[in-house]
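Please look first at the chain as a whole, and then follow its parts one after another with the text below as a guide.

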Amino acid sequence: MNNREVFVTVDPSAGFCFGVERAVIMAEDALDHDHPVYCLGEMVHNDEELKRLQRIGLQHVDRKEYNKLSGQTVLFRAHGEPPESYAHAARHKLNIIDASCPIVKKVQQRIKASYEEGAFIMIYGKPDHPEVIGLNGQTGHQALVVESAETLNLESIPEEICLYSQTTQSLQGFHKLVEALKRAGKKVDVNHTICRHVSNRFPQVKAFCEQFDKVVFVGGRRSSNAQSLYETAREVNLNTWFVSSPEEVNMNWFKPGDRIGITGATSTPPWLLSEVAEKIHQHFSQHH
Ligand code: SF4
């Protein structure tokens, strides 16, 4: 060791959430036995992990391409699918590997049960998000999807509402929506379905980032979870940079003696966090 080194620590709580990790393992297992394996939609919101899965043989198809498949092996990712996807699979003899996260599946079942009891279903989420499409599919796509309390059109909704949430939405936003509905005199059956694997990450990221001089946040640019966790990291540590791959790390951000923390989103693979840490560590041990 020399006194020109930096001290790099990977966040022990970072890496895939339980549902994504399970889906990736299921894909790897399937690829060991069966080729080709198709995945309906992107497996995970992380380009580096997508490239790795493609290299080992996973082929991504969109919904249009999926509807043309017949007799193939197809993986349903952690986000879950609406009933139409299962119906198509049955009609076209597709071999389905269902990697829908069990937590999402449970929310789907609860929404279906409430809908069948005649409730007016509201889903707090992003209308075009694949998980929301799967959730709304349980109501025949009859639920009202609301993105925020600010976009709520109170006149168009009935007096009694059964509210669910996309699992990756913010807890704060959910509470705001409940408050806005109650203030307007609506009777709300509140179903808190935000996944704790996501909500726990916010306090964890804060506690981790506070401890370091500099932080590198590793995540996919199209991942909304990565964007909001990055903002959380910056709230407690202004010296935080966002990168999606080791190549984007700029060594000028650091100086010898810095204590550097590496963290990421629930869609960031653990190997990518290690590669970023290793690159920084190597740079400083070689150049100083
Ligand atoms: S965030 Fe939660 S619900 Fe969504 S895939 Fe991960 S573990 Fe499952």
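This is a predicted model: local features need pLDDT of at least 70, side-chain atom pairs count only at pLDDT 80 or more; totals for chains, interfaces and linings use all residues.

Residues are numbered from 1 along each chain as its sequence is written.

The C-alpha trace of the chain spans about 70 × 55 × 25 Å along its principal axes, and its secondary structure comes to 11 helices and 12 strands. Helices (H or I, at least four residues) and strands (E, at least two) are DSSP runs, numbered from the N terminus. Of the 288 residues, 39% count as buried; a residue is called buried if 20 or more other C-beta atoms, placed from the backbone, lie within 10 Å of its own, exposed if 12 or fewer do, and partly exposed in between. Among the contacts with a separation of 6 or more, 73% join residues 24 or more positions apart, where a contact requires that the C-beta atoms of two residues, placed from the backbone, lie within 7 Å.

The chain is divided into domain 1 (7–15 + 198–287), domain 2 (18–100) and domain 3 (103–194), with bounds that come from an automatic or database domain assignment. The C-alpha centres of domain 1 and domain 3 lie 33 Å apart, and 4 residues of domain 1 are in contact with 5 residues of domain 3. On the side of domain 1 that touches domain 3, α8 (196–199) and α10 (224–236) each supply at least two residues.

Turn now to an open sheet, in which 4 strands are arranged in the order β3-β2-β4-β5 with parallel pairing. The edge strands β3 (58–61) and β5 (95–98) each pair on one side only, where pairing means that DSSP finds at least two bridges between two strands. Between β2 (residues 37–40) and β4 (residues 73–76) there are 4 bridges in the parallel sense, and the bridge partner of V37 in β4 is T73.

After α7 comes G185, with a positive phi near 85°.

In helix α9 (residues 201–209), the buried residues are R201, V205, F208 and C209. They cover an arc of only 90° around the axis, which puts them on the same side of α9, and the face turned away from that side carries the exposed residues P203 and A207. The buried residues of α9 pack against α8, β10 (214–218), α10, β11 (240–243) and β12 (259–264).

In α10, the buried residues are N225, A226, L229, Y230 and A233. They fall within an arc of 130° seen down the axis of α10, so they line one face of the helix, and they pack against α8, α9, β10, β11 and β12.

Terms used:
The arc is that of the directions from the helix axis to the C-beta atoms.
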